[in-house]
Amino acid sequence: MKSFLKPTQISQVDSAFFSPLDVEEVLESMEEVEETAVWGSTDSSGGNDLVNVALVVRKGSLVSKEEVVAKVAATLHPRKQITGQVKYKLELEKVNAQVVFLDRIPHNPQGKKLRHQLKETYSGV
């Protein structure tokens, strides 16, 4: 199912805008990952959005936070990295990425991912 985003769901890093779907596509291409949801939260110190991820791992598979962050780092532009709750940094080892592992991603009755619910629950964890 193709998602359509509200303007408030678009992330901004270093004056560039991008869709969370860019990051979700990369992560859902991983064999171990069943589903993902990506949302932005505000970094009060830098003005950029922080990119956060919730994901569901396929039964019988294992994947670490480091593998998730490395996959995005190797595939996407530096502005589209999972930055979590720290000021945006290019150095991967300094990024305290926000990756949340869940049993399921919440959806509304029409099947759309409830990113706002994840943002309210997990941003600032």
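Here are our questions and answers.

Modeller: Before we start, this is a predicted model, in which local features need pLDDT of at least 70, side-chain atom pairs count only at pLDDT 80 or more, and totals for chains, interfaces and linings use all residues. Residues are numbered from 1 along each chain as its sequence is written, and side-chain values use heavy atoms, with hydrogens and water left out.

Biologist: In what order do the elements of the chain run from the N terminus on?

Modeller: Helices (H or I, at least four residues) and strands (E, at least two) are DSSP runs, numbered from the N terminus. The chain has three helices and five strands. From the N terminus on, their order is β-β-α-β-β-α-β-α.

Biologist: At what angle do helix α1 and helix α2 pack?

Modeller: Two packed helices are described by the angle between their axes and the distance between the axes. Axes are lines fitted to C-alpha atoms, for helices over the stretch in contact, and angles run from 0 to 180 degrees between N-to-C directions. For α1 (residues 20-28) and α2 (residues 65-75), the axes are 10 Å apart and the angle is about 115°.

Biologist: Which residues of α2 meet α1?

Modeller: Contact means heavy atoms within 4.5 Å. From α1, the residues taking part are Val23, Val26 and Leu27, and their partners in α2 are Val68, Lys71, Val72 and Thr75.

Biologist: Which residues does the face of α2 turned away from its buried side carry, among the exposed ones?

Modeller: Buried means under 20% relative accessible area, exposed over 50%, and partly exposed in between (1.4 Å probe, protein chains only). In α2, Val68, Val69 and Val72 are buried. They lie on the same side of α2 because they cover an arc of only 95° around the axis, the arc being that of the directions from the helix axis to the C-beta atoms. The face turned away from that buried side carries the exposed residues Glu66 and Ala74.

Biologist: Is Lys113 buried or exposed?

Modeller: Lys113 sits in the loop between β5 (98-101) and α3 (115-122). Its relative accessible area is 14%, so Lys113 counts as buried.

Biologist: With which side chain does the side chain of Lys113 make a polar contact of 3.2 Å?

Modeller: A polar contact is a pair of N or O atoms within 3.5 Å; within protein, one must be able to donate a hydrogen and the other to accept it, and residues adjacent in sequence count only if both atoms are side-chain atoms. At 3.2 Å, the partner is Glu28.

Biologist: How far apart are the C-alpha atoms of Lys113 and Thr36?

Modeller: Thr36 is among the residues in contact with Lys113. Along the chain the two are 77 residues apart, while their C-alpha atoms are separated by 9.1 Å.

Methods
Lists of a residue's contacts leave out its neighbours within four places in sequence.
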